Amino acid sequence: MEYKIGVIPGDGIGPEIVAQARKVLDRVASLYGHTFAYRELLLGGACIDRHGVPITDETVEGARASDAVLMGSIGGDAKTSPWYKLEPKKRPEAGLLSIRKALGLFANLRPAVLYPELAGACPLKPSLTEGGFDILILRELTGGLYFGDRHTAVENGLRTAVDTLTYNEEEIRRIAVKAFEIARKRKHSVISVDKANVLDSSRLWRAVTEEVAKDYPDVTLSHMLVDNCAMQLVRDPKQFDVILTENMFGDILSDEASMITGSIGMLASASLNDTSFGLYEPSHGSAPDIAGQDKANPIATILSASMMLRYSLDRQEEADAIDRAVSQVLEDGYRTGDIMTEGCQLVGTKEMGDRIVERIRKD
Ligand code: IPM
Ligand code: MG
């Protein structure tokens with residue numbers, strides 16, 4: 001098969017980690033007889049440098065013409081980068097939000113898995129994580145505070161800023177349906193996270209989620225307030241299977257969940273629309289402080305490529321081969337700096353990519 005893959009290397013460590021994921025995909029291609037035709041697309045700071053804006057029609061059209069898009073990371077150091085002297089709408093992050101909206105990528109899957117080999121890097125007490133955990137955060141990605149009306153003005157002589165949190169029932173229903181469908185392929189449990197003791201939008205979220213649950217009698221639905229969820233993630237992470245939540249809560253909880261896995265450098269993500277198309281990116285940022293130094297962990301991007309094979313291209317075997325290779329390289333004891341522990345072998349970005357390529361085998 002030939003697949004068209006849009007590639008957004010992005011900023012900071014983006015280009016180096018994406019290069020490793022491409023090596024891995026090329027190895028999969030030669031082993032399994034596929035062709036990946038890559039088309040590079042500009043987004044974020046790299047796009048600002050070329051065109052003065054963080055996204056262009058060419059980027060969106062290029063993504064639309066692809067079967068899936070693989071992305072590194074975008075953005076720079078807000079204190080020192082000239083990109084952050086621009087008005088908010090022209091900064092790198094605005095490009096990311098625009099592409100999510102333009103492609104209708106409403107479902108953001110962020111798995112937080114504790115690898116047994118990395119248990120030592122987890123900051124929680126071993127008694128809390130014994131046997132590991134496997135959480136899937138499903139974050140609504142095109143609604144809520146991120147896309148509601150906002151403005152800053154002087155009102156009654158005071159500088160006043162307004163952001164609006166809006167959800168309609170359709171937006172809630174489609175993400176809830178995704179949560180239940182995903183839970184069916186996992187441990188059949190959905191915990192929906194909201195702030196229903198305060199917010200109207202959360203009360204609607206709860207009501208619609210319960211309506212959807214009626215179609216999934218085999219899946220257990222429970223509700224948890226977001227402040228409690230933040231606490232439960234560090235108190236008893238093993239209680240979670242699928243966490244379903246709105247955009248802003250998901251942004252915050254997914255960073256927290258990544259931390260308890262030991263390294264944000266390990267976590268992949270998929271952003272899907274209602275077709276098989278998706279945008280795949282590591283959950284971490286562009287780490288400008290270590291960019292270009294061969295220090296970044298490419299595993300989150302490599303695992304994002306595996307999610308791409310699984311969810312957009314329906315190549316399960318190939319995705320399994322990548323996941324196995326990553327586990328084996330960790331078992332072999334190779335570590336980038338972020339996941340380094342005593343007794344392991346420290347490697348750079350490229351070597352980590354090479355080790356994973358070497359370990360890819362057909363089942
Ligand atoms: C993320 C990031 C983005 C978000 C930023 C870069 C706009 O934090 O993907 O989690 O808030 O969605
Ligand atoms: Mg975030």
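Reader: In which sense do β4 and strand β5 pair, and over how many bridges?
Author: In this predicted model, strand β4 comprises residues 107–113, and strand β5 comprises residues 134–140. One pair of facing residues is N108 and R139, the latter in β5. The pairing of β4 and β5 is antiparallel, and the number of bridges is 7.

Reader: With which residue numbers does strand β11 run, and over how many bridges does β4 pair with β11?
Author: Strand β11 covers residues 268–272 and pairs with β4 in the antiparallel sense. Within this pairing, A107 stands opposite L272 of β11. The bridges between β4 and β11 number 3.

Reader: How many of the residues of strand β4 are buried?
Author: A residue counts as buried when its relative accessible area is under 20%. Strand β4 has 7 residues and is mostly covered. The number of buried residues in β4 is 6.

Reader: Which residues surround ligand 1?
Author: The space that ligand 1 takes is the second largest pocket. R110 belongs to the surroundings of the ligand, and a polar atom of the R110 side chain is 2.8 Å from a ligand oxygen atom. The surrounding residues are E93, R100, R110, R139, Y146 and D251.

Reader: What distance separates a polar side-chain atom of D251 from an oxygen atom of ligand 1?
Author: A polar contact requires a pair of N or O atoms within 3.5 Å. For the polar side-chain atom of D251, the distance to a ligand oxygen atom is 2.9 Å.

Reader: What share of the area that ligand 1 exposes when taken alone does the protein bury?
Author: Taken alone, ligand 1 exposes 320 Å². Of that area, the protein buries 75%.

Reader: Is G6 buried or exposed?
Author: G6 is found in strand β1, which spans residues 2–10. That strand is mostly covered, with 7 of its 9 residues buried. Because the relative accessible area of G6 is 0%, against a cut-off of under 20%, G6 is classed as buried.

Reader: Which residue of β2 is the bridge partner of K4?
Author: Strand β2 comprises residues 35–40 and pairs with β1 in the parallel sense over 6 bridges. The bridge partner of K4 in β2 is A37.

Reader: What distance separates the C-alpha atoms of G6 and Y216?
Author: G6 and Y216 are 210 residues apart along the chain. The separation of their C-alpha atoms is 35 Å.

How values were computed:
Residues numbered from 1 in each chain as written. Chains lettered and ligands numbered in written order. Predicted model: local features only at pLDDT ≥ 70, side-chain atom pairs only at ≥ 80, totals over all residues. Heavy atoms only, no water. Buried < 20%, exposed > 50% of the residue type's maximum accessible area, 1.4 Å probe, protein only. Helix = DSSP H or I, 4+ residues; strand = E, 2+ residues; numbered from the N terminus. Pairing = 2+ DSSP bridges. Near = heavy atom within 4 Å. Polar contact = N/O pair within 3.5 Å; in protein donor to acceptor, adjacent residues only side chain to side chain. Areas by Shrake-Rupley, 256 points an atom, 1.4 Å probe, with all protein chains shown as cover. 1 Å grid on protein atoms, 1.4 Å probe; cavity = no way out; pocket = protein on both sides within 12 Å on 5 of 7 lines; lining within 4 Å. Sits in = over half its atoms within 2 Å of the grid points.
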